[in-house]
There are 2 protein chains.
Amino acid sequence: MHRFQRTLAGLDGRIDTPAPVVVVDALQRNIDRMQGFADAHGVALRPHVKTHKSVEIGRRQLAAGAVGITAGNVGEAEVFAAAGFTDVFIAYPVWPSGTKAARLRSLARRIRLRVGVDDPAAVAALADAMGDEPERLEVVVEIDCGGRRSGTSPDLAGELAREARARGLLPVGVFTYPGHGGSAVEARERAARDQHDALETAVRSLEAAGLAPHVVSAGSTPTAAYSTGGVVTEIRPGEYVFGDLDNTRLGACAEEDVALFVASTVVSRQVPRQAILDVGTKALGREGNPQKGYGAVAGGDAVLTRLNEYHGFLAVEGEAPAVGTVLPLVPNHVCPVVASFEELVATDADGSTIERWPVDARGRLS
Amino acid sequence: MHRFQRTLAGLDGRIDTPAPVVVVDALQRNIDRMQGFADAHGVALRPHVKTHKSVEIGRRQLAAGAVGITAGNVGEAEVFAAAGFTDVFIAYPVWPSGTKAARLRSLARRIRLRVGVDDPAAVAALADAMGDEPERLEVVVEIDCGGRRSGTSPDLAGELAREARARGLLPVGVFTYPGHGGSAVEARERAARDQHDALETAVRSLEAAGLAPHVVSAGSTPTAAYSTGGVVTEIRPGEYVFGDLDNTRLGACAEEDVALFVASTVVSRQVPRQAILDVGTKALGREGNPQKGYGAVAGGDAVLTRLNEYHGFLAVEGEAPAVGTVLPLVPNHVCPVVASFEELVATDADGSTIERWPVDARGRLS
């Protein structure tokens, strides 16, 4: 019996499905392990809250030793600031459109706020947004280390930082995201080397501009293991708190460390060798492909081969489980699962206790 | 200039991005057009609220003449019942796991509630869930017309309905979903013919069982045009209220009838022939593929070729628009967009007025 079957047995009859279930002991071990890794390598941990969007989990990360949090947008930062978090890095090239200028100014007055920047026009817009208090906003220059997404060239980082300082903003360092690693270990190691090289170049560029970068920020869950050392001062993994099938496939988490599953009920079994589960794209997102499937029953070989909005097509060997059977489904990618629900069911390995943790920052996308 | 550019110009500075923007005139025309179609063909319209999850839009559908609404799960039904909707069909093989038995009973006491059923075990479970008031729950037998998802064989519909009646439930008819049509018009017409054949067989099966089916429910937005006539008494389209690129490609909506776009800001332009928009999978879901892309700028050829969670990769000819440029993005599939946000920005074609409509039923997945 898979450990999640035991958890589900304990929860029997007390939760409606579909529901994202967090096994708190496993979650806490993941939090402590990543903190221990960061401590052992002398880098700060600034976890990305995009994965959990949960004040409760963010507090556990801080309690374990995280220096602050990383957010993906202003709305997430606001939710955590309102909950008492005082150090937030929006690792994104924020553009103050709409009412974001006022929102950024208000946030920067209350907490230590850092935002990413990769364009001179954004430097000017952020400085304008801050009115007569530009020095309250810390900016971190985003550099590209090979992902070809956002981020300026590493050797231009100093120039952009100097422009920021000239406009009164507070340039504090550089960051990057080695998203070009792909799935092979060698490719991720190579991407992490690219990351180190790019960050070193960027640090020299800032120093040449007369600036002392005290933030040199790297990494993600799949590359965290390769992201310490050299000039790096902090890492920003997110998905490590829960893990998922994609991270397991990458070797970035062990199967036994996965801390979240989706409790799913068999609702139909009319087609041979197929069970329909009450999890579709509304619960899982369309994360996967026909080859690897869209999620799998924990500890078994049964895979979702297709998703409709409210229906998951589970391929089964032999006879399908009876309708009403509740199964623990492990998603390919955990982030969209959390963002789909209003709350997480938090329990212990035996499913004996139940707490409900709101997904506080869900839907806060701007 | 595309009409959505005009809307955006009117909204300038008053909304943060990303934001789902509904042009209310276009929405209302879509509501009225589908109602007119149903009226002209003598079928009832019971729109699926999965697309909008919005009490405001549901009310507009009822005001136009819809007989009630279709929901995808108990949580959606509860939200609309709490808002005063009195006739809800959960077109899904509901299994009363967890606290759903009590929730179903409570709902069925307050409104006319219909649920789908395709399995004798579910009939028994639903009857048990209803305690001493099984007759308050209307059941509609789901039949399979070729989609091979859920639904019993049409010629077994009568047997299942008889079991429901024997358990005291109130069998009222049959429904199906012709999801096997694919994208070609001929294929969808064939699927709609399959639907008619299957529904006729099911109606005969119910009549042979001594039951008079007064609900014979069909259709979806892409098949609505082919779903009237014969035994059909109602249709259940959902996506027609907004439309999207997928429905435009299918010919199920005209480009000028699309009523929702996502206001998106260019946040980075560091890579030649590429702009990064602030819309990723968190806002759009991962709906698309590398061939057709993941969404497109309205009225132009620029397509999102790739999505990260907070980043959309827009391929552009020549120079990328400046950072800060706001673009109207039309999604491939509108449903996950709505479910990603807390509220819709409702405006007129000129972007002069702004209302905020909550996505009332979002996150209510069980």
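Visitor: In strand 8 of chain A, which residue is the bridge partner of A:Phe175?
Guide: This is a predicted model. A:Phe175 pairs across to strand 8 of chain A. Strand 7 (residues 170-175) and strand 8 (residues 215-218) of chain A run parallel and are joined by 3 bridges. The bridge partner of A:Phe175 is A:Ser217.

Visitor: Which residue in strand 9 of chain A does A:Ser217 stand opposite?
Guide: Strand 8 of chain A is joined by 2 bridges to strand 9 (residues 234-235), and these two strands run parallel. In strand 9 of chain A, the residue opposite A:Ser217 is A:Glu234.

Visitor: In what order do the strands of the open sheet of chain A lie?
Guide: The sheet is open, has 8 strands and shows parallel pairing. Strand 2 (44-45) and strand 3 (69-71) of chain A each have a single partner strand, so one side of each lacks a neighbour in the sheet and they stand at the edges. The order is 2-9-8-7-6-5-4-3.

Visitor: Which residues of helix 6 of chain A are buried?
Guide: Helix 6 of chain A covers residues 120-129. Its buried residues pack against strand 4 (87-93), helix 5 (100-110), strand 5 (112-117), strand 6 (137-142) and helix 7 (157-166) of chain A. A residue is buried if 20 or more other C-beta atoms lie within 10 Å of its own. In helix 6 of chain A the buried residues are A:Ala122, A:Val123, A:Ala125, A:Leu126 and A:Ala129.

Visitor: Which residue with a positive phi follows helix 6 of chain A?
Guide: Helix 6 of chain A spans residues 120-129. After this helix comes a residue with phi near 60°. That residue is A:Gly131.

Visitor: Is A:Pro290 buried or exposed?
Guide: A:Pro290 sits in the loop between helix 10 (281-284) and strand 12 (296-297) of chain A. Its C-alpha is separated by 6.1 Å from that of A:Thr305, 15 residues apart along the chain. A:Pro290 has 8 C-beta neighbours inside 10 Å, and a residue with 12 or fewer falls in the exposed class. A:Pro290 therefore counts as exposed.

Visitor: What is the radius of gyration of chain A?
Guide: Chain A has 11 helices and 17 strands, and its C-alpha atoms fill a box of roughly 70 × 40 × 35 Å along the principal axes. For 366 residues, a compact globule would have a radius of gyration near 21 Å. Chain A agrees with that figure, at 22 Å.

Visitor: What percentage of the contacts in chain A between residues at least 6 apart in sequence join residues at least 24 apart?
Guide: Of the 366 residues of chain A, 61% count as buried. Among the contacts between residues at least 6 apart in sequence, the share that joins residues at least 24 apart is 69%.

Visitor: At what angle does helix 6 of chain B run to strand 5 of chain B?
Guide: Helix 6 of chain B lies across strand 4, strand 5 and strand 6 of chain B. Strand 5 (residues 112-117) and strand 6 (residues 137-142) of chain B are joined by 5 bridges and run parallel, and B:Arg114 stands opposite B:Glu138 there. The angle between helix 6 and strand 5 of chain B is about 150°.

Visitor: Which helix of chain B gives the most residues to the side that touches chain A?
Guide: In the interface, 59 residues of chain B are in contact with 59 residues of chain A. Strand 4 (87-93), helix 6 (120-129), strand 10 (260-268), helix 10 (281-284) and helix 11 (334-340) of chain B each supply at least two residues of that side. With 4 residues, the element of chain B that gives the most is helix 11.

Visitor: Which kind of axis relates the two copies?
Guide: A rotation of 180° with 0.0 Å of shift along its axis superposes chain B on chain A, with an RMSD of 0.0 Å. In chain B, the C-alpha nearest the axis belongs to B:Arg286, 2.7 Å from it. The same surface serves both copies, as 100% of the contact residues of chain B recur in chain A. The copies are thus related as by a two-fold rotation axis.

Methods
Residues are numbered from 1 along each chain as its sequence is written. Chains are lettered from A and ligands numbered from 1 in the order in which they are written. This is a predicted model: local features need pLDDT of at least 70, side-chain atom pairs count only at pLDDT 80 or more; totals for chains, interfaces and linings use all residues. Two residues are in contact if their C-beta atoms, placed from the backbone, lie within 7 Å. Two strands pair if DSSP finds at least two bridges between them. Axes are lines fitted to C-alpha atoms, for helices over the stretch in contact, and angles run from 0 to 180 degrees between N-to-C directions. Copies are superposed by least squares on the C-alpha atoms of residues with pLDDT of at least 70 in both. The radius of gyration is taken over C-alpha atoms; the globule rule is 2.2 Å times the number of residues to the power 0.38.
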